[in-house]
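Please open the model in your viewer and keep the selection tool at hand. The tour below moves from one stop to the next, saying what to select and what is there.

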Amino acid sequence: MAALPPLVDQHSHGAVHGELGLGSFEAQMAAASGAEGPAPAGTSHFDTRTGLAIRRWCPPLLGLEPHCSPVRYLARRRELGAFLAGRMLLRGAGIGAFLVEAGAPAGLTSAAELAAAAEARAHEVVRLEPLAEQVADTSGSVDSFLGYTAEALYVAAQHATAFASGATYCEGRAPDAGAVRRAADRWLRGRRPGEPLAEPALVRHLLWSAVATGLPVQLHCPDPQPLTDFLRATAGLGSDVVLLPRVPHHRRAAQLATVHAHVYADAGPFPEETLGQAPFGKLLFSSGARGLPELYVTAARLFSRAVERVVGEWAAEGLCAASDGRRIVELVGSGTARRVYRLAAEAS
């Protein structure tokens with residue numbers, strides 16, 4: 001298949017600053033996969049699919065042979081320096097645009113820093129819950145909290161590419177004003193500064209407020225099924241909804257994207273499972289990368305090869321023409337994201 005346009009990564013968190021030794025590098029690998037603690041005795045976190053992918057795809061970007069030892073790879077990384085190595089990796093990832101959650105944790109690049117390092121474009125996605133938490137830290141009353149939150153949402157909508165939420169459930173209607181005030185009062189009275197928002201009515205209020213701005217809304221939901229009523233109710237309101245579920249719920253998200261015209265779904269780590277569940281123009285790529293620049297590289301490589309393998313098999317079977325296969329890969333890898341997130345002017 002001919003060279004494809006750069007990918008659009010619809011969800012990531014930024015890359016780490018500074019040098020990493022073997023232990024800290026493995027800790028970053030473990031955190032990315034949700035593992036806790038060190039690997040079992042006699043093994044390492046390189047003894048994973050991610051570890052194999054890093055050793056396959058990243059060494060050549062730093063001038064080494066594929067599959068070199070982790071020690072050799074990290075020595076080369078230190079030899080180049082964290083800044084140059086990170087830049088070489090990000091620029092070799094094949095990603096042309098990043099959607100990065102705003103408010104990067106300490107030690108991670110901002111959207112602008114990631115864009116500069118990757119020689120690409122980056123756009124901010126504003127997470128609703130931290131936005132409300134920041135307002136709550138400086139609000140002295142329910143009235144001021146609700147007023148300042150509405151103002152903060154309006155201001156964010158002027159520059160953000162999308163909003164995001166971790167809501168796991170939302171009804172098919174917005175909570176009424178009384179329920180929102182009572183929830184805000186309970187939360188403000190009981191919380192300590194910096195405590196995460198965990199008041200369901202407030203989360204639903206934020207979500208409906210974000211939909212009202214018309215910007216796309218990403219839902220980072222373990223299982224999208226409990227959001228079905230919300231998806232049905234938001235049809236025709238002008239805001240697209242993108243589901244980013246956790247494994248193993250990507251197939252269900254793809255099915256919901258098929259049912260609802262304004263709903264889209266992350267293709268997931270195994271796009272061969274979702275390509276058969278939804279129209280190709282309803283699926284989008286994301287790396288979900290946090291920390292290691294290598295994770296952007298491996299996510300992009302694994303995604304591209306999985307999609308190309310599927311459409312290649314379809315073409316070999318006579319199910320589609322080669323030109324159809326190219327269009328499918330372009331849609332899922334970048335085209336649909338440019339349309340949903342209104343990045344069309346940046347098309348390659």
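Begin by selecting helices H6 and H7, where H6 passes H7 in a right-handed crossing, a crossing being right-handed if the near helix is turned clockwise from the far one by less than a right angle, and left-handed if anticlockwise. Helices here are DSSP runs of H or I with at least four residues, strands are runs of E with at least two, and both are numbered from the N terminus. Before going further, note that this is a predicted model, in which local features need pLDDT of at least 70 and side-chain atom pairs count only at pLDDT 80 or more, while totals for chains, interfaces and linings use all residues. Residues are numbered from 1 along each chain as its sequence is written, and side-chain values use heavy atoms, with hydrogens and water left out.

Staying with this pair, show the side chains of Leu128, Leu131, Ala132, Val135 and Ala136 on H6, which make the contact with Phe145, Tyr148, Thr149, Ala152 and Leu153 on H7, contact meaning heavy atoms within 4.5 Å. By class, this contact has 9 nonpolar, 1 polar and no charged residues; Ala, Val, Leu, Ile, Met, Phe, Trp, Tyr, Cys and Pro count as nonpolar, Asp, Glu, Lys and Arg as charged, and the others, Gly among them, as polar.

Next, select Leu202, which is found in helix H9 (residues 200–212) and is buried, with a relative accessible area of 2%. Buried means under 20% relative accessible area, exposed over 50%, and partly exposed in between, for a 1.4 Å probe and protein chains only. Leaving aside neighbours within four places in sequence, Leu202 is in contact with Phe145, Val180, Ala183, Ala184, Trp187 and Leu197.

Move on to helix H11 (residues 250–259), whose buried residues are His250, Ala253, Ala254, Leu256 and Ala257. Seen down the axis of H11, these residues fall within an arc of 160°, so they line one face of the helix; the arc is that of the directions from the helix axis to the C-beta atoms. Among the elements that cover them are helix H10 (228–233) and strand S6 (241–243).

In the loop between S6 and H11, select Pro248, where the peptide bond from Val247 is cis, with omega near 15°.

Finish at His67, in the loop between helix H2 (49–57) and helix H3 (70–80), which has a positive phi of about 70° although it is not a glycine. His67 is partly exposed, with a relative accessible area of 49%.
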